[in-house]
Amino acid sequence: SSGITAEYGVTPDTKLNFNFRKTFYIEKETEDWRLLTNIVNNSAEKKITFTVVSDPGDDTDAECSNLCKATVDLPVTQDIVEEELPLLGERDGQVVGVLCVTIETMSAIRALS
C-alpha cells in the first residue's frame with residue numbers, strides 16, 4: 001500500500017476526481033421498466049450501491065478486487081445532485097473517502113405516469 005501511495009503521490013488528504021457518466025435508456029415493457037415501476041410504486045428496494053474496484057493493469061490473468069462501496073437511497077420525488085456518499089472499505093467497513101454522485105431519474109419516473 002505504501003509503495004502505491006509513494007508512487008502516485010497519494011496521501012490520506014489527497015482528493016481524487018474521476019468523471020464518469022452512464023446513461024441508461026429504458027424501453028417500455030422491459031425488465032428495467034418493470035423494476036423502475038416497482039421502485040416508484042414502493043414495492044422494490046430503493047438503493048443503489050456503487051463499488052470501487054482495483055485495476056489489475058496489464059496482467060491479463062489478474063482480476064479486479066472490490067476496494068470500497070457507497071450506497072444511496074433512491075428517492076422518487078427528486079433527482080440527486082452532487083450528493084457525497086461515504087465510501088466504506090471492503091475489509092473493515094471504515095470510511096475511506098467519499099463518492100460524489102448525481103442521479104437523474106425524474107424524467108424516467110415522469111414517463112411512467
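Okay, hi everyone. Just so you know, what we're looking at is a predicted model.

How many salt bridges does the structure hold? There are three.

Let's start in helix H2, which covers residues 31–40. Here Arg34 and Glu31 meet in a salt bridge, at 3.7 Å from N to O. The two are three residues apart in that helix, so about one helical turn separates them. Glu31 is exposed, at 55% relative accessible area, while Arg34 is partly exposed, at 38%.

Next up, Lys47 and Asp73, at 2.5 Å from N to O. Lys47 sits in strand E1 and Asp73 in strand E2, so this pair ties together parts that are 26 residues apart in sequence. Lys47 counts as partly exposed, with 45% relative accessibility.

And then there's Lys69 with Glu90, a salt bridge at 3.9 Å, N to O. Lys69 is in strand E2, and Glu90 is in the loop between strands E3 and E4, so here the parts tied together are 21 residues apart in sequence. Both partners are partly exposed: Lys69 at 33% and Glu90 at 36%.

Now the patch. Which residues form the negative surface patch? They're Asp55, Asp58, Asp59 and Asp61. Take Asp59: you'll find this one in the loop between strand E1 and strand E2. Asp59 is partly exposed, with a relative accessible area of 43%.

Terms used:
Residues numbered from 1 in each chain as written. Predicted model: local features only at pLDDT ≥ 70, side-chain atom pairs only at ≥ 80, totals over all residues. Heavy atoms only, no water. Patch = residues over 30% accessible without salt bridge, like charges linked within 9 Å, V, L, I, M, F, W, Y side chains within 5 Å. Areas by Shrake-Rupley, 256 points an atom, 1.4 Å probe, with all protein chains shown as cover. Salt bridge = Lys/Arg side-chain N within 4 Å of Asp/Glu carboxyl O. Lys, Arg positive; Asp, Glu negative; His and termini not counted. Charge placed at Lys NZ, Arg CZ, Asp CG, Glu CD. Helix = DSSP H or I, 4+ residues; strand = E, 2+ residues; numbered from the N terminus. Buried < 20%, exposed > 50% of the residue type's maximum accessible area, 1.4 Å probe, protein only.
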